[in-house]
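Please look through the sequence and the model below.

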Amino acid sequence: MINTPQFGFESFIIFLPSHSFQPMADQQKSKEDTNERHGDKSKEVIASPAHSTVALIDEEPEDVDPWDLPELKDTGVPWSALDTKGKVLRVVVSVGKLFLLLGFLYMFICSLDILSSAFQLVGGKAAGDIFQDNSVLSNPLAGLVIGVLVTLLVQSSSTSSSIVVSMVSSGLLTVQLAVPIIMGTNIGTSVTNTLVAMTQVGERSTFRRAFAGATVHDFFNWLSVLVLLPLEVASGYLYTVTKLIIDSFNIESGEAPDLLNVITDPLTDSIVQLDQSVISGIATGDQEARNKSLIKRWCLTFTNTTLKNVTVPGPENCTSASLCWVDGNITTTLKNISDTYNIKKCTHLFVNVHLPDLAVGLILLALSLLVLCSCLILIVKLLNSMLKGQVAGIIKKILNTDFPFPFGWVTGYIAILVGAGMTFIVQSSSVFTSAITPLVGIGVISIERAYPLSLGSNIGTTTTAILAAMASPGDTLGNALQIALVHFLFNISGIILWYPIPFTRIPIRLAKGLGNITASYRWFAAVYIITCFFILPLFVFSLSLAGWQVLVGVGAPLILMLIIIIVINVLQKRKPGCLPAALRSWDFLPLWAHSLAPWDKVVSACTAKCCCCCKCCQIAVDDQEKTGRESVENNKKPHVEVYDNPAMSADKEATLCVTKLLAWP
């Protein structure tokens, strides 16, 4: 008889033995195989329920690929078995669900718009101040980080791009310095759908797919920047190509179309309206803009410009020598003076609320997050109830099936065009990618299909920016359009790098690897978001403030160390014989340096101290009662042996309480 594997806390922890995170359960299985080879005979044994974080989550069969799309089975009565009344009732219910789905989707899009407004109220003026420091912007890496941080603050790549356009048009920023900032806005806008994926943390397989479907967009943006930013610094590739395009065509000013905004603006404008010129004014050095509120009070104004006599400090401040008069110590000149008259007041909810922008922003932030999460949960539940049986099969087949050979390669490019078209309609890549994230989670869209759709959304949002740039005045049209073309060419170049050849679709593999980790360690998803979108950009920005010498002195060794670790990991997996014996695994390092298991214990212990005692105790009592009932039933069966779990520590009740809460729906 062999020893029954002890599925304790450590048995399901994912750690990094050589080159990647893998479940320790595989090691336990290898130990069983070793015992069988030594001739040990076994009989059927039933082990007691495991006490571990992962054991409380539904286990997946080992022979099932976790990335396979699940079957959405129809548990209702078949259509053929219904009578006339039942068929009519089902049609009415289905139509009602469809209208509810459209309504929740409308509220979801509006909540994203309000969320963007809330972030601008909270951090919009700080974003303008960040853009104002030209000495920092001269560093390409600092410009990239500033683009990320500002887009995170305002939650809109369109807003941050418009600030850059304003600065270039006013002469405060050159197009060359604006290129890294545009790259940063591309990264910052991808955090929204990653946050949306966090709302599906309740179920492991769903969260695995949703988080991978969201982060595949992140990895594409980061990898594109890693290649194209050094190339741009070395050769000016994006600036040169876009400059040639602008000089080659006689582009006339046009007007950007309003598509989805026509539907959503009536609701969002009735809640709050913002004066976008305030942030741009702060960025361009307008001191009067600092004292203005971002909340728009007057929606209709009239500006009258007249030529008036104005007293100036000296003759050098006169508009011209012929229009300058000196009378003793008083110098007078003629200047155009603009007077603005307020005509019609706005009608949104906060027009008469005398609160600071920060307070209004926090109120809108809380309400918009509540509506966004509620709508997303309801959308997922409605989709789960609607996409069943033949309907689910048809939709999944349409979305995930490739064209027949030899045209299968065309399917991905069609998906890119679909993503670009849908993003052009909704005029926001964040809205589109956030909408497909729950579809990836419930298994309607595969991550292989979500990847080209996300790439298409990057293209779609740049076409909207190009049309918006064409609405600029004639004197600023060239610079505004060149920046929009830089954004467009950056995404096209990224697609050429990371999509045409299947081997180069590295973002998919990276997203799946991260999805596997976060499926077992859900707290790692929050660590990823905070590290990649906040800590890392702030760290680089801080080094940039200290000067490029400090940035190179600190950054170069860290980058070199990261490259060495990546190379060793690849060799450990591909050709371990090329490495010394000590480097063929990371076992020589402390466990916390190559495994998430110790960190999981720390997170569990910290969560145990913060959780509600009453709920913890009730969960522990319920689990003990369930364990007792199962033990009584198991005692009635033959060949039942129960083993104690040696991996459980003295505080197993606290850990058990925490793990129950983590799995709590």
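**Cysteines, strands and surface**

At 5% relative accessibility, C346 counts as buried, because buried means under 20% relative accessible area, while exposed means over 50% and partly exposed lies in between (1.4 Å probe, protein chains only). This is a predicted model, in which local features need pLDDT of at least 70 and side-chain atom pairs count only at pLDDT 80 or more, while totals for chains, interfaces and linings use all residues. Residues are numbered from 1 along each chain as its sequence is written, and side-chain values use heavy atoms, with hydrogens and water left out.

C346 is joined to C299 by a disulfide, with 1.9 Å from S to S; a disulfide is a pair of cysteine sulfur atoms within 2.5 Å. The structure holds one disulfide. C299 lies in strand β3 (residues 298–312) and C346 in the loop between β5 (330–345) and α13 (357–386), so the bond ties together parts that are 47 residues apart in sequence. Helices (H or I, at least four residues) and strands (E, at least two) are DSSP runs, numbered from the N terminus. The torsion about the S-S bond of C299 and C346 is about 120°, and the disulfide is therefore right-handed. With 38% relative accessibility, C299 counts as partly exposed.

C532 counts as buried, at 19% relative accessibility, and C578 counts as exposed, at 57%.

Strand β5 also pairs with strand β4 (residues 324–327), in the antiparallel sense and over four bridges; two strands pair if DSSP finds at least two bridges between them. W325 stands opposite T332 in β5. β4 and β5 form a hairpin with two residues between them, and G328 in the turn has a positive phi of about 70°.

On the surface, a nonpolar patch has about 910 Å² of accessible area in total, and its members are F403, F407, W409, Y413, I414, L417, V418, M422 and I425. Patches are made of residues with over 30% relative accessible area and no salt bridge: like charges are joined within 9 Å, nonpolar side chains (Val, Leu, Ile, Met, Phe, Trp, Tyr) within 5 Å. A salt bridge is a side-chain nitrogen of Lys or Arg within 4 Å of a carboxyl oxygen of Asp or Glu. Accessible areas come from the Shrake-Rupley method with a 1.4 Å probe; for residues, only the protein chains shown count as cover. I414 is found in helix α15 (residues 410–426) and counts as partly exposed at 37% relative accessibility.

The chain has 25 helices and five strands, and 41% of its 665 residues count as buried.
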